[in-house]
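Visitor: I would like to learn how to read a protein model. Please take it one feature at a time.

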Amino acid sequence: MKIFYRESGTVDKPTMILFHGFPSSSHMFRDLIPLLEDDFHLIAPDYPGFGQSDIPSRENFAYTFDNLANVIEKFINQLGIDKFFMYVFDYGAPIGFRIAAKNPQKILGIISQNGNVYSEGLGKKWAARAEYWKNPTPELREQYKSAFAPETIIGQYTFGTPEGSISPDGYSLDIFYTHRAGYDEIRSDLIFDYQNNVALYPIFQKYLREYQPKLLAVWGKHDPSFIWQGAEAFKKDLPNANINFVDSGHFALESHCKEISTLIKEFFLENCHE
């Protein structure tokens, strides 16, 4: 399987792996990477079935978050990365936290940008998803394909953001990817499998309590999917977590990239240079 990734910065700098979300790919970091490349060695992979990575058939590859995390863990090992910071967003949170919980010694620090691992952070829509997980009818599976309809994707980018702050580039590319063969069934598999991420929240929280990684939470405070309480919840397990909110929605990098890059450098660079 071929995994596409973006790389910038030099290997003598601390490595940061950027874990993208749904329905996006590593292109969501296109503006952040140039702002961090002088201080970090940046790696942003596309998961299998996303972006420019290979799209194995559902007959040959089960599209579960366990499998996505296993592939990306092997990818990290193949690149010989022993220690790294991780930036997790949306789908990237359960993928990144699976890897961190298995390899706590590798994690230098965490940036969670609307990357939820607490039940407090689940917005209202998740109650309906939980009912679907308990009773997965074909009709509901079909209904949830609306999650990657063009109007839904545009709404994910623009809801809760200052007017005129969102370029169409990000959501236009995401919509382009939805037209590939088999996209709808692959994404439907992952929507159904998301229940296993919620079930693992206690494991992710235990990792945080036991290992106390340095964590910066930056949340688009108007995100209806992963609500702001998910950011505050990190304090339960990490009293020293740094919690920040920006006037944005789910894809906060699209409107507040400079602010987020500044927060990352202010919070982590002193630790990097020790």
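This is a predicted model: local features need pLDDT of at least 70, side-chain atom pairs count only at pLDDT 80 or more; totals for chains, interfaces and linings use all residues.

Guide: Residues are numbered from 1 along each chain as its sequence is written, and side-chain values use heavy atoms, with hydrogens and water left out.

Visitor: In what order do the strands of the sheet stand?

Guide: Helices (H or I, at least four residues) and strands (E, at least two) are DSSP runs, numbered from the N terminus. Two strands pair if DSSP finds at least two bridges between them. Here 7 strands form an open sheet with mixed pairing, in the order β1-β3-β2-β4-β5-β6-β7. The edges are β1 (5–8) and β7 (242–246); each has a single partner strand, so one side of each is left without a neighbour in the sheet. From one strand to the next, the twist averages 15 degrees.

Visitor: Which residue of β3 is the bridge partner of R6?

Guide: That partner is A44. β1 and β3 (residues 41–45) pair in the antiparallel sense, over 4 bridges.

Visitor: How many bridges join β4 to β5?

Guide: There are 5 bridges between β4 and β5 (residues 107–113), and these strands run parallel. On this side F85 stands opposite G109 in β5. Strand β2 (residues 15–19) also runs parallel to β4, joined by 4 bridges, and M16 stands opposite F85.

Visitor: Are the residues of β4 buried or exposed?

Guide: Buried means under 20% relative accessible area, exposed over 50%, and partly exposed in between (1.4 Å probe, protein chains only). In β4 (residues 84–88), 5 of the 5 residues are buried. Both faces are covered, with F84, M86 and V88 on one side and F85 and Y87 on the other.

Visitor: Which strands does α3 lie across?

Guide: Axes are lines fitted to C-alpha atoms, for helices over the stretch in contact, and angles run from 0 to 180 degrees between N-to-C directions. Helix α3 lies across β2, β4, β5 and β6 (215–220), and runs at about 155 degrees to β4.

Visitor: At what angle do α3 and α9 cross?

Guide: Angles under 35 degrees count as roughly parallel, over 145 as roughly antiparallel, 65 to 115 as roughly perpendicular and the rest as oblique. The axes of α3 (residues 92–102) and α9 (residues 201–211) come within 10 Å and cross at roughly 55 degrees. That makes α3 oblique to α9. As for handedness, a crossing is left-handed if the near helix is turned anticlockwise from the far one by less than a right angle, and right-handed if clockwise. The crossing of α3 and α9 is left-handed.

Visitor: Which residues of α3 and α9 meet?

Guide: Contact means heavy atoms within 4.5 Å. From α3, P94, F97, R98, A100 and A101 meet F204, Y207 and L208 of α9. For classes, Ala, Val, Leu, Ile, Met, Phe, Trp, Tyr, Cys and Pro count as nonpolar, Asp, Glu, Lys and Arg as charged, and the others, Gly among them, as polar. The contact of α3 with α9 has 7 nonpolar, no polar and 1 charged residues.

Visitor: How do α6 and α7 pack?

Guide: The axes of α6 (residues 150–158) and α7 (residues 169–177) are 9 Å apart, at an angle of about 150 degrees. The two helices are therefore roughly antiparallel, and their crossing is right-handed. P150, I153, I154, Y157 and T158 in α6 meet G170, Y171, D174 and I175 in α7. By class, this contact has 6 nonpolar, 2 polar and 1 charged residues.

Visitor: Is D237 buried or exposed?

Guide: D237, in helix α11 (residues 234–237), is buried, with a relative accessible area of 7%. Not counting residues up to four places away in sequence, D237 touches Y118, Q205, L208, R209 and Q212.

Visitor: Where is E120 found?

Guide: E120 is in the loop between β5 and α4. The residue is partly exposed, at 31% relative accessible area. The C-alpha atoms of E120 and Q229 are 5.7 Å from each other, although 109 residues separate them along the chain. With residues up to four places away in sequence left out, E120 touches I227, Q229, G230, A233 and K236.
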